[in-house]
Amino acid sequence: MLSLIGKRIISAIPSVIGVLVVTFVLTRALPGDPAAYFAGPAATPQAIEEIRRSLGLDKSLPEQFVVYISDLARGDLGNSIATGQPVLTEIVTRLPASLELTLLGLLVSVLIAVPLGVLAATRPGSLIDHACRVITTAGVSLPAFFTGLLLVYVLYYRLGWAPAPLGRLDIFYSAPNTVTGFYTIDALIEGNFEVFRAALAQLLLPVTALAIFTLAPLARMTRAAMLEVLNSDFIRTARAAGLPKGKIVYGYAFRNAMLPVVTTLGMVFSFLLGANVLVEKVFSWPGIGTFAIEALIASDYAPIQGFVLTMAMLYVTLNLVIDILYIVIDPRVGFES
Amino acid sequence: MSAVPVLAVDNLSVEFRTRSGIVKALEQVSFNIGKGEMVAIVGESGSGKSVTAYTVMGILDAAGRVDSGSAVFGGLDLLQARESALREIRGREMSMIFQNPRVALNPIRRVGDQIADVLLQHGGITRREAPKRAIEMLARVRIPDPERRARAYPFELSGGMCQRIMIAIALACSPRLLIADEPTTGLDVTTQAAIMDLIAELGAEQGMATLLITHDLGMAAEYCDHIVVMHAGHVVEMAPTAALFANPRHPYTARLIAATPRPTARLADLVSIPGNLPDLRATVIPACRYSVRCERRKPRCEQPLPLVLGDEKGSMVACWNPL
């Protein structure tokens, strides 16, 4: 199994190279002349030419590619014109904010969707089965940013139960020392429960919006996978052998049903990264989604390149993790083909 | 048959509720199995053989409903028993093996662990002893190199091996009754014989009764003491094997024997059975469900079926005009 996992990790290397090339080509193919943009509207042609040379844009594409790769190797993603900050610093501080939101949203969604799907599958036609159907239908028809706006309107504006949707922490609190970059975890490490509660309160609405969005496909897939497995021959064998219901449902059926659920989980996670961009905007969340939108509006190309690169690497890592989970769950993986 | 049968099925009727109406899958099925006996239920596909077995095991599909009858096993009516009581019996006193063994085992659990699961559930042994006992079981079903095979997954084993594993699971707790539902379907011919020999041998060792469900009359004749012939949810005839073959009394049995290949018969002598099973969803089903296919039909055949007892012990035919 370990050698299989090792092989899978090595096979991720071509994807990484592909991502590097595509990111490079894509940013060079974007319309607009970055040099002219940098120089400003009043610049003379000589000034623009000067800037083009200083940015290295006068060189041939292969030469530029070599420069790009060697910069990347040193961790240099260029500077943002809007903030003047190195892009790498921006991404390193903003990525944890986005990940904290996305991962917590996914966690909440899994914790609700999987038991819901299992219960619905083991009691077909029951109240919980119908509830599952209603929730999944409602979930897919509501985009996350819309649920987010609705939650803000009702729970903050109307009822005043939730804190203002303005970033990761209420202004009265100062951020905990950075260890993981996740405010909730960092606050716990410090033992500062007040900050932990405040950070959690800020997370509540956006996480709910994301969780509702991802609940539907997960619950539906869990239910369908469980139903299929529970009708299979080996479950009948287990029943005929007198194994108790809990052992059959959780020990035998659930692990087999996990395979399609893990696949869906991967898909849902990538939807979530996309949905995140708009949800962050709604909640003024200082994540990389907000960062990318601002850069896009300002035609700030280095941050866009950094954003695309980060996202692409996240996808590659995600697929790697999903495949490794597959290897762990299913002994047949790697033998059939 | 011994005085007290291991399993006594009496007057069993089962219905299935489907979208296209109620299917009367079994009607007044009765038969007994004595201690150490091997009894076959034979019949073509859809005759209710497997439904009978599933009903007795209590693992009938949710759409199926027992309409009437009883199935007494060890003094307990299985059809009235609570699920918790049944779970105690299943796998310990009464086991079942299925067709297509490669898909009838959990694909992502090591076979040794699957045997150990049953032992832990019913065998009254500790978690530490279970793997060792599982390996012993593998050796008993003649799997070579049992220590290594215990760590294999079903997809790494052949169909015959998987069926041996199923037998090991079924016999792990030395049950008094084994139900084998077409245990050799999907296996090649030499493996079929080896599996049947194994079932017969282990059954004889333990004094275990075996109910063999098959469409293969030849196999039933070779291994079983007694044969129950089913057609469209009815038991049409039952008799000791030798008597049934020497002197079949129901026209369907005679047809079935004529349709079975024998070493002496040539291919041209094999006769197919005309017609199909009647539609069991219909509101009016003829009293004799074979009558539409029967060349010996008489006007009297529309009256409720008689149960004519034969001269042989435990033989019966349900026909107004037997051979």
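This is a predicted model: local features need pLDDT of at least 70, side-chain atom pairs count only at pLDDT 80 or more; totals for chains, interfaces and linings use all residues.
Residues are numbered from 1 along each chain as its sequence is written, while chains are lettered from A and ligands numbered from 1 in the order in which they are written.

**Exercise 1.** Work out which radius of gyration chain B has and what a compact globule would have.

*Solution.* For 323 residues, a compact globule would have a radius of gyration near 20 Å. Chain B has 20 Å, which agrees. Along its principal axes, the C-alpha trace of chain B spans about 70 × 50 × 40 Å.

**Exercise 2.** Describe the side of chain B that touches chain A.

*Solution.* Begin with contacts (C-beta atoms, placed from the backbone, within 7 Å): 24 residues of chain B are in contact with 17 residues of chain A. Next, assign elements, which are DSSP runs numbered from the N terminus (helices H or I, at least four residues; strands E, at least two). Helix H2 (83-89), strand E6 (94-97) and helix H3 (111-122) of chain B each supply at least two residues of that side, and H3(B) gives the largest share, four residues.

**Exercise 3.** Find which residues B:Ala168 contacts beyond its neighbours within four places in sequence.

*Solution.* With those neighbours set aside, B:Ala168 is in contact with B:Ile115, B:Met137, B:Leu138, B:Arg140 and B:Val141.

Definitions and conventions:
Two residues are in contact if their C-beta atoms, placed from the backbone, lie within 7 Å. The radius of gyration is taken over C-alpha atoms; the globule rule is 2.2 Å times the number of residues to the power 0.38.
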